[in-house]
Amino acid sequence: MLALRKARRKLRMGTICSPNPSGTKTALEVCNADWMASLPPHLHNVPLSNLAIPGSHDSFSYWVDEKSPVGPDQTPAVKRLARISLVKKLMKKWSVTQNLTFREQLEAGIRYFDLRVSSKPGDADQEIYFIHGLFGIKVRDGLMEIDSFLTQHPQEVIFLDFNHFYAMDEAHHKCLILRIQEAFGNKLCPACSVESLTLQTLWEKKYQVLIFYHCPFYKQYSFLWPGKKIPAPWANTTSVRKLILFLETTLSERAPRGSFHVSQAILTPRVKTIARGLVGGLKNTLVHRNLPAILDWVKSQKPGAMGVNIITSDFVDLVDFATTVIELNDLLQENRSLAKC
């Protein structure tokens, strides 16, 4: 029966995102654009904190500008080195952690976005940019791209986690929050009890966006959720074995109520890692060969109050990451008592 349910859901969710003249489906064309809407009815009333939800790490970094100034998230030593044009080209190889745009990630099924933002030195206005070593696109443009998708898919819900802020004063924060309001308007879900938040309640109120803001400014706006409601422990290791041990340990320590939980299934390069694979970059040096083992860990998980919730990865298109996470929710179909947590 479980296999039959999976097959039926794949028929509903595995739509073609863009036409292919050859008639075949590539990895980028098969999408999970409406996977939340396609969940079976009894999961509509399960708290979002108990569902398995795919996310991306440094979600915005599919494009960074090697011609821009080095970001304020970098050390003075890196900034001095970056005066050499070749250094910025190499930085780009280690700053990019995704291949897919926001729209493509959403179509693939990603519903949690890890965001770092900064003002840009020398800008006369208060514009805010995504940043990871080098500056990315304007936050305003990224948010409007996401909103366009949500308007076309009114039953999909996303988490935007603004967790790092650089070179931002009060005016910059006000500008960013205004951009968020302009982009999403009535789609913004006010902060409330985590356990009360289900797909059904969100659909009834037409809320689609949860904004987490790791800065005291969240207290001034009802639609900003505090960062403590979405802990994302970080393993900070290049070892798959140590990463998996860390993920298991932090899951066992997860609070049963009151917050979401992010399992960062990512490896973090050290200085010597970068030195050894300088030209290859993050994807070729660290991610590509280790992602299958990380995906095996994902496949072994179960969602629920003490199980996985949000799982993030680098380069979510290299393996069938999003679909693998989404299909973990089939385990909740096997035991309906879990849906009453």
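1. A word on the basis. This is a predicted model, in which local features need pLDDT of at least 70 and side-chain atom pairs count only at pLDDT 80 or more, while totals for chains, interfaces and linings use all residues. Residues are numbered from 1 along each chain as its sequence is written, and side-chain values use heavy atoms, with hydrogens and water left out.

2. Aromatic pairs. A search of the whole structure turns up 13 aromatic pairs; rings of Phe, Tyr and Trp (its six-membered ring) pair if their centres lie within 6.5 Å, and planes under 30 degrees apart count as stacked, over 60 as edge-to-face and the rest as tilted. One of them joins Phe162 and Tyr213, tilted because the planes meet at 45°, with ring centres 6.1 Å apart. Phe162 belongs to strand S7 (residues 158-166) and Tyr213 to strand S8 (residues 209-213), so this pair ties together parts 51 residues apart in sequence. Helices (H or I, at least four residues) and strands (E, at least two) are DSSP runs, numbered from the N terminus.

3. Phe162 is buried at 0% relative accessibility, and Tyr213 is buried with a relative accessible area of 0%. Here buried means under 20% relative accessible area, exposed over 50%, and partly exposed in between (1.4 Å probe, protein chains only). Tyr221 and Phe223 make another tilted pair, 5.7 Å centre to centre with 55° between the planes. Tyr221 is partly exposed at 21%, whereas Phe223, at 10%, is buried.

4. A cluster and a lysine. Phe60, Tyr62, Phe102, Phe113 and Phe130 come together in one aromatic cluster. Lys120 lies over the face of Tyr129, 4.1 Å from the ring centre, and its charged end also sits over the ring of Phe135, 5.3 Å from the centre. A charge sits over a ring if NZ of Lys or CZ of Arg is within 6 Å of the ring centre and within 35 degrees of the ring normal.

5. Cysteines. The structure holds zero disulfides, a disulfide being a pair of cysteine sulfur atoms within 2.5 Å. For Cys189, the nearest cysteine sulfur is that of Cys192, 4.7 Å away. Cys189 is buried at 1% relative accessibility, and Cys175 is buried at 13%.

6. A loop residue. Thr101 sits in the loop between helix H3 (85-95) and helix H4 (102-108) and is partly exposed, at 25% relative accessibility. Leaving aside residues up to four places away in sequence, Thr101 touches Tyr62 and Glu145, where contact means heavy atoms within 4.5 Å. Thr101 and Glu145 are 44 residues apart along the chain, with their C-alpha atoms separated by 9.3 Å.
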